[in-house]
Amino acid sequence: MTGGKVGVRKKLGLIVNPIAGMGGAVGLKGTDGARILEKARSLGAVPRSPLRAREALAALRGVTDDVRVLTCAGEMGEQESLGAGLRAEVLPIEIGPLTSAEDTRRSALAMEEAGVDLVLFTGGDGTARDIAAVLGTRVPALGIPSGVKIHSPVFARNPTMAGELAGLFLTGGSVALEEREVMDIDEEAFREGSLRARLFGYLLVPCERRFLQGGKSGGGKSGAVELDGIAREVISRMVPGDLYLVGPGTTTAAIMKRLGCGYSLLGVDALRDGKTLGVDLSEREVLELLLPGRTWLVVSVIGGQGFILGRGNLQLSPRVIRSVGKERILVLGAPSKLKGLYGKALLVDTGDPSLDGALCGYTPVITGLGEETLFRVER
Amino acid sequence: MTLRKRAFHHMRWNEPIIYQLSTPGHRGLLVPEAEEGIEQAVGDGLSSIPIGMRRSDSPSLPELAQPQVVRHFNRLSQENLGADLNIDIGQGTCTMKHNPKINEVFAGSPKMTDLHPCQDQSTVQGILEILYRTEEIFREISGLDCCSIQPGGGTHGALAMATMVRAWHRDRGEDGRRDEIITTLFSHPSDAAVPKVKGYKVVILPPDEEGLPDMEAYRSALSERTAAIFFTNPEDTGIFNSRIAEFTELARKNGALCCYDQANANGLLGIARAREAGFDMSFFNLHKTFSSPHGCGGPATGLLMVDRVLEPYLPVPVVRWDEKGGRYYLDFNLPKSCGKVKAFYGVIPVVLRAYAWIMSLGAEGLEEASRIAVLNNNYFMKKMLEVRGCSISFPRHPARIEQVRYSWEEMKRETGFGTADVQRRIADFGTHYWSSHEPWVIPEPFTIEPSESYSKEDLDEYLGIMEQISRECYEEPEKIRHAPESSTIHLIDHEYLDDPDRWAITWRQYTKKYRGYFERR
């Protein structure tokens with residue numbers, strides 16, 4: 001349905017992070033870093049990722065005549081492809097004896113150079129971060145869930161569905177591409193028992209379109225229309241001369257795009273009278289720019305979790321928030337991203353409990369042009 | 001439950017758009033030449049039109065002979081599905097019911113079809129009487145006082161309410177200050193959409209744990225900026241908001257008007273009224289609850305009822321009875337009127353059918369229809385919840401009125417198949433179902449509304465289909481994966497439906513947007 005050229009076989013890049021998920025079974029809450037991996041092995045952890053990769057590849061088998069599979073040597077893809085009965089072309093990428101994050105990044109780059117149409121990878125949030133760091137949203141990517149931490153909505157629900165979706169995408173099926181958040185938690189803090197997720201970047205992820213009337217997935221054109229409506233609402237409320245601190249994310253970025261302003265996707269940017277004053281500002285820089293009584297914060301709801309402050313926007317520190325004032329915080333949320341959050345509370349975790357308390361209550365979330373939806377805010 | 005097997009397959013004619021069937025010079029009927037005497041009296045006719053107003057080219061209309069036109073539309077009708085072809089309970093929130101055919105005889109009678117809106121009022125006393133009596137009936141149904149039959153659909157009814165809200169506050173000098181309208185997440189999406197068209201900011205209330213609009217959120221949303229509330233009740237979940245009088249009272253204390261979306265009143269006739277719930281106005285869809293046939297955008301009527309204090313703001317004209325002169329007449333003299341919301345008076349054949357339906361049932365019959373609709377719905381819900389993988393939204397609030405929003409969340413988790421898959425498969429049984437309004441707050445949703453028209457056998461047949469599909473999702477995944485097998489459309493590319501640049505609802509748009517498109521593919 002995408003009208004691609006007939007006769008050209010699409011290329012799938014397969015990256016297996018063989019150690020992903022090994023920490024989970026032995027209670028280590030992640031497998032980032034050589035020390036933890038060693039500990040996991042010593043506790044008897046066995047690789048889980050290769051099996052998950054094989055499951056996904058099995059679901060791909062029906063379309064392999066139409067698709068070329070490019071992968072990495074050994075346990076980073078070659079073995080899994082063979083195990084699933086697939087003929088794969090092995091790219092000449094050097095891989096260390098103990099596969100590392102560096103290997104993942106190098107493989108992803110090699111895949112891009114080889115012109116793959118989709119990168120299919122096994123792993124968890126850590127692997128997704130590595131791939132987002134080198135590919136950004138230039139090449140579509142999809143995760144086969146096999147890590148310990150799966151907070152990023154870049155993974156299919158299970159390996160079989162990952163394979164099916166990849167197959168559908170590569171054979172021109174009804175699939176849209178959507179920019180999705182790559183989240184990761186601080187593993188050290190997680191082991192200490194506290195959960196702190198951060199936004200690390202975005203991947204361009206194929207999303208299953210629902211084959212039914214009225215079903216909008218928020219992807220493709222309708223997603224862009226939705227975000228543009230929110231952007232127009234925020235712009236219509238802007239007061240001349242006031243300072244706007246625009247937090248990270250694709251929802252807030254739509255404002256900058258509509259205004260034609262420079263911005264950082266993951267940082268805090270400053271805006272006044274439709275012009276960018278600063279990009280990717282630190283807390284200190286934010287405080288220097290701040291106009292008391294005339295500054296607004298523009299933040300978005302993090303999909304899936306519902307955090308509005310304290311995740312991915314720590315530059316907006318308690319000091320910044322206090323000087324801006326609760327009544328000048330504009331919270332944005334695209335309905336398609338809020339789907340799982342209706343009826344639940346939005347969360348704040350600024351690091352200052354008394355400020356968090358003051359932020360609790362009901363807050364309007366701008367969900368479209370001329371439209372707000374009320375949400376409860378909790379700590 | 002045994003499922004009656006049907007050897008069914010959807011019809012496919014691959015019928016072109018009628019413009020594509022056009023051949024220049026072909027005619028459906030030939031108008032006789034004007035006779036000499038007539039021509040002498042009026043000239044050639046055309047020369048009486050000022051030159052500046054005459055068109056230089058012919059209108060772009062398809063040119064076909066009558067048999068081709070008849071074939072074309074009959075083929076299209078065969079590619080259709082509707083209340084006259086299937087057990088139409090899957091289109092929840094739409095109140096599909098049987099439309100007695102005798103009412104079509106009334107609406108198709110020359111007494112109706114030959115009426116012209118510009119006729120002298122003395123010659124249309126009969127239809128004016130029907131309009132007037134329809135208003136009287138709706139005074140009883142709603143408890144409210146005055147009526148406009150102008151709105152040409154449900155959303156149009158809501159738009160008329162928003163128009164009235166503006167006129168009311170403008171008259172009180174509060175129009176600038178009151179710029180917000182509050183609605184709820186499970187009200188019909190039009191209740192959020194139309195106030196925006198009138199320039200209001202819309203504030204949406206989330207549901208609480210019971211599925212009712214969150215009262216605390218409501219209190220925080222109400223302010224001196226609130227112009228009105230737009231509530232549906234029962235909401236799209238089928239849950240009746242039993243605290244509705246508290247909501248309306250709070251709005252009233254804030255100086256806001258209370259507007260009721262009763263597009264679907266099918267479970268409430270003779271049981272609960274807008275007046276007692278504290279509403280100032282309410283609209284009713286004659287094409288849903290009151291049995292005028294509907295679908296695909298019209299023809300329809302969103303009859304509007306308002307409290308007496310709002311009468312001066314009604315759209316003009318309104319139908320009145322002149323006691324002294326013993327005649328019905330159209331009253332255009334409402335100086336504070338919000339204006340017109342539609343050309344002329346409304347969609348009169350729709351009102352006529354609804355009037356006939358109501359008169360055939362009487363007050364007791366209407367209430368009985370509602371009670372059967374509620375009974376049907378609760379019977380269906382009990383059976384549906386026995387189907388594997390199906391659950392209900394807000395289970396802590398088990399009683400429902402006329403419809404239920406269900407969820408396949410459990411089945412999706414266990415099998416990977418969700419509401420989209422069921423929707424594809426159900427086409428193989430010669431029926432259909434609709435998922436639910438966006439946003440999908442309830443995961444993998446579908447909404448069933450078994451109105452009073454359906455027998456127990458009908459409901460059991462539909463349940464049998466749902467049961468079989470659920471069983472296939474668990475046991476025969478290949479069947480679901482390749483469904484539908486008896487339909488003509490297999491996959492719909494939603495990119496088209498979500499992309500305004502590709503919408504084409506007229507031939508002119510179509511030719512503009514798709515010129516050369518299919519040749520390029």
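**Ground rules**

I am working on a predicted model, where local features need pLDDT of at least 70, side-chain atom pairs count only at pLDDT 80 or more, and totals for chains, interfaces and linings use all residues. Residues are numbered from 1 along each chain as its sequence is written, chains are lettered from A and ligands numbered from 1 in the order in which they are written, and side-chain values use heavy atoms, with hydrogens and water left out.

**Cysteines**

I went looking for disulfides, meaning pairs of cysteine sulfur atoms within 2.5 Å. The count over all chains is 0. I then checked B:Cys473: its closest cysteine sulfur belongs to B:Cys390 and lies 12 Å away, too far for a bond. B:Cys473 is also buried, with 2% relative accessibility.

**Chain A overall**

I noted 14 helices and 16 strands for chain A. These are DSSP runs numbered from the N terminus: helices are H or I with at least four residues, strands are E with at least two. Chain A has 379 residues, of which 55% count as buried. I also looked at contacts, which means heavy atoms within 4.5 Å. Among those in chain A between residues at least 6 apart in sequence, 66% join residues at least 24 apart.

I call two strands paired if DSSP finds at least two bridges between them. Strand 15 (residues 361-368) of chain A pairs with strand 13 (residues 329-332) of chain A in the parallel sense, over 2 bridges. One detail I wrote down is that A:Leu332 has A:Ile366 in strand 15 as its bridge partner. Strand 15 of chain A also pairs with strand 16 (residues 371-378) of chain A, this time antiparallel and over 7 bridges. There I found A:Thr363 opposite A:Phe375 of strand 16. Strands 15 and 16 of chain A make a hairpin with 2 residues between them, and A:Gly370 in the turn has a positive phi of about 70°.

**A sheet in chain B**

Next I followed an open sheet of 3 strands in chain B, with the order 10-11-12 and antiparallel pairing. Strand 10 (391-392) and strand 12 (445-448) of chain B are the edges; each has a single partner strand, so one side of each lacks a neighbour in the sheet. Strand 11 (residues 404-407) of chain B runs antiparallel to strand 12 of chain B, and 4 bridges join them. B:Val404 has B:Ile448 in strand 12 as its bridge partner.

**Rings**

For aromatic pairs I used rings of Phe, Tyr and Trp (its six-membered ring) with centres within 6.5 Å; planes under 30 degrees apart are stacked, over 60 edge-to-face and the rest tilted. I got 22 aromatic pairs over all chains. A:Phe121 and A:Phe155 have ring centres 5.7 Å apart and planes at 70°, so I logged the pair as edge-to-face. The two are 34 residues apart: A:Phe121 is in strand 4 (residues 118-123) of chain A, and A:Phe155 is in the loop between strand 5 (141-145) and helix 7 (159-170) of chain A. A:Phe121 is buried at 0% relative accessible area, and A:Phe155 is buried at 12%.

B:Tyr218 is in helix 8 (residues 215-221) of chain B and B:Phe247 in helix 9 (residues 244-253) of chain B, 29 residues apart. Both are buried, B:Tyr218 at 0% relative accessibility and B:Phe247 at 1%.

**Cores**

The largest has 57 residues, and B:Phe138, B:Tyr218 and B:Phe290 touch the most other members. Helix 10 (residues 348-384) of chain B gives the largest share of this core, 9 residues. A second, separate core of 47 residues includes A:Leu14, A:Leu118, A:Phe155 and A:Ala166.

Note on methods:
Buried means under 20% relative accessible area, exposed over 50%, partly exposed in between (1.4 Å probe, protein chains only). A nonpolar core is a set of buried Ala, Val, Leu, Ile, Met, Phe, Trp, Tyr and Cys residues joined through side-chain atoms within 4.5 Å.
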